Amino acid sequence: MRRVRIKAQKVVSGGQDYVILGLIGAILLTGFLVEGMRILLTALPLSAALPSFIGYPISLLLDLFSVRWEVVYPYGWYVHAF
């Protein structure tokens, strides 16, 4: 974050830094989505799903859409793994 916020420092950075940050962000986002789908598909009770403080709300959000998540889940997992 110092590279982005403080421009006065002489910092050598290139586009590779932003590529890596984008990849890490994509891994995080797809991981949260896959976790939400897993919680939705396994119908975990609240007491078991609550420790996943981001995955559980995402599962509630995904439940609003009428999609066959059992079909989407494997593709989401492979996207996250890739």
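What follows is a friendly chat about a predicted model of one protein chain.

Reader: Hi! What should I know about the model and its numbering before we start?
Author: Residues are numbered from 1 along each chain as its sequence is written. The model is predicted, so local features need pLDDT of at least 70 and side-chain atom pairs count only at pLDDT 80 or more, while totals for chains, interfaces and linings use all residues; side-chain values use heavy atoms, with hydrogens and water left out.

Reader: Thanks. How many helices and strands are there in the protein chain?
Author: There are 5 helices and 0 strands, and from the N terminus the order is α-α-α-α-α. Helices here are DSSP runs of H or I with at least four residues, strands are runs of E with at least two, and both are numbered from the N terminus.

Reader: And what share of the residues counts as buried?
Author: Of the 82 residues, 17% do. Buried means under 20% relative accessible area, exposed means over 50%, and partly exposed lies in between, using a 1.4 Å probe and protein chains only.

Reader: Let's talk packing. How do H2 and H4 cross?
Author: The axes of H2 (residues 15–42) and H4 (residues 55–62) come within 7 Å and cross at roughly 70°. That makes H2 roughly perpendicular to H4, a label for angles of 65 to 115 degrees, with under 35 counted as roughly parallel, over 145 as roughly antiparallel and the rest as oblique. The axes are lines fitted to C-alpha atoms, for helices over the stretch in contact, and angles run from 0 to 180 degrees between N-to-C directions.

Reader: Which residues of H2 and H4 meet there?
Author: From H2 there are Phe-32, Leu-33, Glu-35, Gly-36, Met-37, Ile-39 and Leu-40, and they meet Gly-55, Tyr-56, Ile-58, Ser-59 and Leu-62 of H4. The residues of this contact divide into 8 nonpolar, 3 polar and 1 charged. Contact means heavy atoms within 4.5 Å. Ala, Val, Leu, Ile, Met, Phe, Trp, Tyr, Cys and Pro count as nonpolar, Asp, Glu, Lys and Arg as charged, and the others, Gly among them, as polar.

Reader: Zoom in on Leu-33 for me. What does Leu-33 touch beyond its neighbours within four places in sequence?
Author: Leu-33 is in contact with Ile-58 and Leu-62. With 41% relative accessibility, Leu-33 counts as partly exposed. Its C-alpha atom is separated by 9.3 Å from that of Tyr-73, 40 residues apart along the chain.

Reader: And Ser-52, is that one buried or exposed?
Author: Ser-52 counts as buried, at 17% relative accessibility. You'll find Ser-52 in the loop between H3 (46–49) and H4. Not counting residues up to four places away in sequence, Ser-52 touches Glu-35, Ile-39 and Pro-57.

Reader: Changing topic: how many salt bridges does the count come to?
Author: The count comes to 2, taking a side-chain nitrogen of Lys or Arg within 4 Å of a carboxyl oxygen of Asp or Glu. In one, Arg-38 pairs with Glu-35, with the closest N and O atoms 2.8 Å apart. Both residues lie in H2, 3 residues apart, which is about one turn of the helix. Arg-68 pairs with Glu-70, where the closest N and O atoms are 3.3 Å apart.

Reader: How exposed is Arg-68?
Author: Arg-68 is exposed, with a relative accessible area of 57%, whereas Glu-70 counts as partly exposed at 47%.

Reader: Last one! What is phi of Ala-43 near?
Author: It is near 50°, a positive value in a residue other than glycine. Ala-43 sits in the loop between H2 and H3 and is exposed, with a relative accessible area of 59%.
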